[in-house]
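Open the structure in your viewer and keep the selection panel handy. We will go from one stop to the next together.

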Amino acid sequence: MPGVLDEIKQAVIDGNAGAAKELTNKALAAKVDALEIFQVALIPAMDEVGRRMQAEEYYIPEVLLSARAMRTSSEILKPLIAGNPNMKPAGKVVIGTVRGDLHDIGKNLVAMMLEGASFEISDLGINVTPDQFVAKVNEVKPNLVALSAMLTTTMMGMKETIEALKQAGVRSSVKVMVGGAPVNQRFADEIGADGYAADAATAANLAKSLVA
Ligand code: B1M
């Protein structure tokens, strides 16, 4: 049923959560497989949103609307997909804004793009201490730890978190990705991160390549 899948994809790209919900239910009523909706409509839609963001055709409001539409549809699909052996998440990610830092808009965008790229997300929120990152890593055994910072005064929290992961003996079992306005590739290299992304769309692509 390619027509309705194209329509769902377009609804997500357009950021139309109402249409995404209605069309997802319509597709399910027509016996379209939930996994197929995910793989053929939702993931390609978020890929396109990422492309538009990088091309500066989409800005934050459009991305937030698309992410909300994607979530509306994926909340309907997730219970139907759970247990399907073909539904492999791209990987698990523990994400958070580092200690002392209360900014979360960019971090949330990154989390949404990663979710759109079919990563399983554990979002620790803001003001996350190195110990909290370590505890979550021990609990969920992620492939990737994603650290966000928006202040020059908090970016060293990324280094401290990497050190804490080393101390806890789990650094080699995860990749660490960093980002946020004051962060750049040089800083990422200096603190021993595995990757740096300048924006949410790049972060999703980087995450895919880091866990590949
Ligand atoms: Co604050 N703030 N703020 N602030 N704030 C900035 C960051 C600042 C640049 C403003 C300024 O002075 N021009 C400045 C930092 C200066 C510096 O350190 N160099 C600043 C300051 C100083 C402060 C306070 C200290 C102000 C005060 O109290 N005196 C205070 C600190 C509080 C704290 O954290 N302890 C503070 C507080 C706040 C609010 C709470 C009021 C609010 C945050 C609300 C919230 O997040 N829920 C706020 C806001 C909104 C901003 C600005 C205006 C906007 C930030 C934002 O959300 N941008 C910001 C100025 C600005 O940027 N114009 C500013 C939109 C967002 C989508 O972009 O976060 O950059 P961004 O995320 C991008 C990329 O950076 C990247 O992808 C995202 C999407 O493309 N990215 C990643 C982010 N994380 C990533 C992780 C990755 C990869 C990419 O991988 C893991």
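A residue counts as near a molecule when one of its heavy atoms lies within 4 Å of it. Select the ligand with that cut-off: 27 residues surround it, and the closest are G100, L102, H103, D104 and S148. This is a predicted model, where local features need pLDDT of at least 70 and side-chain atom pairs count only at pLDDT 80 or more, while totals for chains, interfaces and linings use all residues. Residues are numbered from 1 along each chain as its sequence is written, and side-chain values use heavy atoms, with hydrogens and water left out.

Next, click on the cobalt atom of the ligand. H103 is its single protein donor, with NE2 2.2 Å away; donors are N, O and S atoms within 2.8 Å of the metal (3.2 Å for Na, K and Ca), and sites may look incomplete because water is not among the atoms. H103 sits in the loop between β1 (91-97) and α5.

A polar side-chain atom of D104 is 2.7 Å from a ligand nitrogen, and a polar backbone atom of T152 is 2.9 Å from a ligand oxygen.

Colour by secondary structure next; helices (H or I, at least four residues) and strands (E, at least two) are DSSP runs, numbered from the N terminus. Which element gives the most to the shell around the ligand? α5 does, with four residues.

Finish at the open sheet, where five strands follow the order β2-β1-β3-β4-β5 with parallel pairing; strands pair if DSSP finds at least two bridges between them. Its edge strands are β2 (119-123) and β5 (195-196).

Technical notes. Polar contact = N/O pair within 3.5 Å; in protein donor to acceptor, adjacent residues only side chain to side chain.
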